[in-house]
Amino acid sequence: MGRNSFGASAKLDVGGDSYTIHRLDALASTHDIERLPYSMKVLLENLLRNEDGVNVRAEDVEALAGYAATGAADQEIAFSPARILLQDFTGVPCVVDLAALRDAVEELGGKPQSVNPLIPVDLVIDHSLIAEVTARPDAVETNSAIEFQRNVERYRFLRWGQQAFSNFRVVPPGTGICHQVNLELLSKVVFTDDAGNAYPDTLVGTDSHTPMVNGLGIVAWGVGGIEAEAAMLGQPIPLLIPSVVGLRLDGALPEGTTATDLVLTIAELLRKHRVVGKFVEVYGPGVASVPVENRATIGNMSPEYGSTVTIFPIDEDTLRYLRLTGRDPQLVRLVEAYAKEQGMWNDPSVVPAYSETLSLDLTTVVPSLAGPSRPQDRVPLDVSKPMFRAALSAALDTEVPTEGARADSSVQVQLDGGELVALDHGSVVIAAITSCTNTSNPQVMIAAGLLAKRAVERGLTSKPWVKTSLAPGSRVVVDYYERAGLMSYLEKLGFGLVGFGCTTCIGNSGPLAPEISAAIAEHGLSCAAVLSGNRNFEGRVHPDVRMNYLASPPLVVAYAIAGTMDVDVYHEPLGTDPEGTPVYLRDIWPTTAEVLEVTASAVQSSMFTKDYAAVSSGDERWQGLEAPSGGRYSWGDSTYVKRPPFLDGVGVVPAPVTDVVGARALAVLGDSITTDHISPAGSIRPTSPAGKWLLEHGVEPHDFNSLGSRRGNHEVMMRGTFANPRIRNRLVPGTEGGVTVHLPDGEQNTIYDVAMRYRDEGVALVILAGKEYGSGSSRDWAAKGTALLGVRAVLAESFERIHRSNLVGMGVAPLQFLEGDVASHGLTGREVFTISGLEGVAAADLIRRQVTVRADDIELEALLRIDTPTEAAYFTSGGILPFVARKLASS
């Protein structure tokens, strides 16, 4: 613990146990602590407890304590999370980096065992399950067997990490999705340690949806893997005192709407309000009508509108949820006592001193979808048909009438069983109940089951061309489905269990029927996926599916029955019963009262305690897995795990930062370029650079697995950078995929091959882009791959928070136009670029420094988006990993 300069250390007795806490009211005589936003109270406690005069100074505490009077400040504070959460796609490269750090520290003369997590780290294996087989009784066993066969090298490596590092726990595959496991099991709300201290549970995670537990009142957000690694090793996370946006809720959700409709409405509202890098805090009388399950859904989608967190304060419903999920009664008592003692208990009569506020009347929420390619593009269900047609018109670049009949573009496809079906633009070829976002919410899941029951009773079926799947984030879902008697109805519609993991939401939707894929490719069909996930970016869900819609689980089932997006579900039937009577959505949609009644009787606390009783045990495959031992990893010839080059040749003194001279543009990109565009996680095509490398190393295409699963191998990942099949590089108009031109000769090739040619020629590279560059997932490989391709700077109109930080952490300069954009400055990307104003500059002077960009005869000013002193230290060290290696080696 820290210096206790403010005399904040005190005792709190709860249920016969005594805890040491750091009282916020120790500052109440000089600051308005009562009106601090809830999230700022959590951060203030963090500073009080960790004050050491170095990372956290008394003046930092004073600055944050004065938030009610001053608001956000351009001052860095050092945040020390209580724990770290990893998923396997991002977690494997974290462990790879830790293993490489041990090598580097020894090479620098230090002790390799100093590379060890100092705080608890949980890695949940959830991203590797692919829905290869669906709608079959053996789907779970078949998919699990394929998962293990493909990922055995990765899993052995993680088992090595489990014994090599302390404070590191692995939750085996087949358990659930990391955020749902975090919500239902790992989260404490109030954390306690072996020394008897009690303090707010806080965390960062290497997945952008880590804010899901904001619904429990836990300050948590997503970071890149390299930033998480630094935090594991004792390096505080730098944070500018943020703006806190108060979102006031009034009223209650109307009949017929779901938590999904609410979160899609909030995503649209807050993306328009521009909350990137800000904290959002929910308050007002409407909060009482939003249960924790719905709050978690809202927090989960924070990255979809750009906020760091979307947090709810602690209240009676927090305690209800902790009891429901089988938390220890003493923990529940502690959470209540601590929150009330520290002024963190929700008091609707006090309106905190927010930087800005906006409001939402819950009674105005309507049934909605989002799509076809961004989560914030909400589609009210009652106008979904004309909005689909407008999107189709844009996709086809041809006029499509928004009403009435449209030109027949259907094609006949003979399915494997011999059935002849008509496939058309808008045909739903994937319908997936997937993702922690919604499968953590029993009400929307029960609603899907009730809708399926009524549909089956009316004789409806899913269309034969739709690939249907159910992949919940927790085993508890199946327990309450079976208790409610709903599982069999979902199975009859094809929504049988495929396993417990992210699947379709991360792009692991598995193959479509070959005849479906062939028809889509041959006829250029814009088919659709409907999923209960959180992301629907281009090329993410499935490479053959161009239009992707987010929807509540009951709507996923409804669209599987309809088989098309080109339907007005309010006025057109989903299908007909055996007597030929039309059946409408309204005929099978369950009432709120029915959903609540079934949920109350079906969801039992004992289900959570039973399913999580042996959370680290795994199945027989996991238990029988042989793994290496020892403190240092023996790098072999694995195509999954290789020592990364980021620490090769790291000297005791970092190389000086230099200006960028004579650079070429590798790509010119538009707005809303996501980390999925930059570093896709999906399938690997044999003809791609990554596929060719795997073939050269003896891996057959059926064993390629996904790019996400290969993140422990830089050779694959750098070849997959900017390889999304839907990315469009304006240097090569009319093309899609990772294509660019080498300049000045204009030869066209893959981005990887051109980048390597530039590297051999000694030419530095830049990327030009528009607004919201790097939105989406927190994957640090979007920055790692960029750096390995030789990119020195990215010049964009704006950056999303996590990716900007990741670029800095890899030594790539994020530059923001001071005014205008690529087009307004007349840039084409064919110029020769020079960036001056970096060389010979002290680290402290790099923070938000104005630099000059010259592109042939064009000159403009840009802002270097290094935002904090810690980021400046990382950048001048060549990145976070070299910084940490030198620090550990010298300690």
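Predicted model: local features only at pLDDT ≥ 70, side-chain atom pairs only at ≥ 80, totals over all residues.
Biologist: Let's start with two helices, H16 and H21. Are they roughly parallel or roughly perpendicular to each other?

Modeller: H16 covers residues 476-484 and H21 covers residues 592-602, and their axes sit 9 Å apart. The packing angle is about 110 degrees. Angles from 65 to 115 degrees count as roughly perpendicular, so for H16 and H21 the word is roughly perpendicular.

Biologist: And how many of the residues in the contact of H16 with H21 are nonpolar?

Modeller: On the H16 side you'll find Tyr480, Arg483 and Ala484, and they meet Val598, Ser601 and Ala602 in H21. Among the residues of that contact, 1 is charged and 1 is polar. The nonpolar count is 4.

Biologist: Is glutamate 341 buried or partly exposed?

Modeller: Buried would need under 20% relative accessible area, and exposed over 50%. Glutamate 341 comes out at 33%, so glutamate 341 is partly exposed.

Biologist: Which helices does the salt bridge of arginine 621 and glutamate 141 tie together?

Modeller: The side chains of arginine 621 and glutamate 141 meet at 2.3 Å, N to O. These two residues are 480 apart in sequence, so the pair ties together separate parts of the chain. Arginine 621 is partly exposed at 27%, and glutamate 141 is partly exposed at 48%. The helices are H23 (residues 620-623) for arginine 621 and H5 (residues 139-164) for glutamate 141.

Biologist: How many salt bridges are there in the count?

Modeller: One more example is arginine 854 with glutamate 859, where the closest N and O atoms are 3.1 Å apart. Salt bridges can also share partners: one network joins Asp103, Glu106, Glu107, Arg632, Arg643 and Asp648. The count of salt bridges comes to 58.

Biologist: Now the rings. What kind of aromatic pair do tyrosine 155 and tryptophan 622 form?

Modeller: The structure holds 16 aromatic pairs. For tyrosine 155 and tryptophan 622, the ring centres are 6.0 Å apart and the planes make 65 degrees. Planes over 60 degrees apart count as edge-to-face, so this pair is edge-to-face.

Biologist: Are tyrosine 155 and tryptophan 622 buried or exposed?

Modeller: Tyrosine 155 lies in H5 and tryptophan 622 in H23, so the pair ties together parts 467 residues apart in sequence. As for accessibility, both tyrosine 155 and tryptophan 622 are buried.

Biologist: Where does tyrosine 633, the partner of phenylalanine 157, lie?

Modeller: The rings of phenylalanine 157 and tyrosine 633 have centres 4.8 Å apart and planes at 85 degrees, so they are edge-to-face. Phenylalanine 157 is buried at 1% relative accessible area, and tyrosine 633 is buried at 15%. Phenylalanine 157 is in H5, and 476 residues separate the two; tyrosine 633 lies in the loop between H23 and strand S26 (660-668).

Technical notes:
Residues numbered from 1 in each chain as written. Heavy atoms only, no water. Axes fitted to C-alpha atoms, helices over the stretch in contact; angles between N-to-C directions. Helix = DSSP H or I, 4+ residues; strand = E, 2+ residues; numbered from the N terminus. Parallel < 35°, antiparallel > 145°, perpendicular 65-115°, else oblique. Contact = heavy atoms within 4.5 Å. Nonpolar A, V, L, I, M, F, W, Y, C, P; charged D, E, K, R; others polar. Salt bridge = Lys/Arg side-chain N within 4 Å of Asp/Glu carboxyl O. Buried < 20%, exposed > 50% of the residue type's maximum accessible area, 1.4 Å probe, protein only. Phe/Tyr/Trp six-rings, centres within 6.5 Å; stacked < 30°, edge-to-face > 60°.
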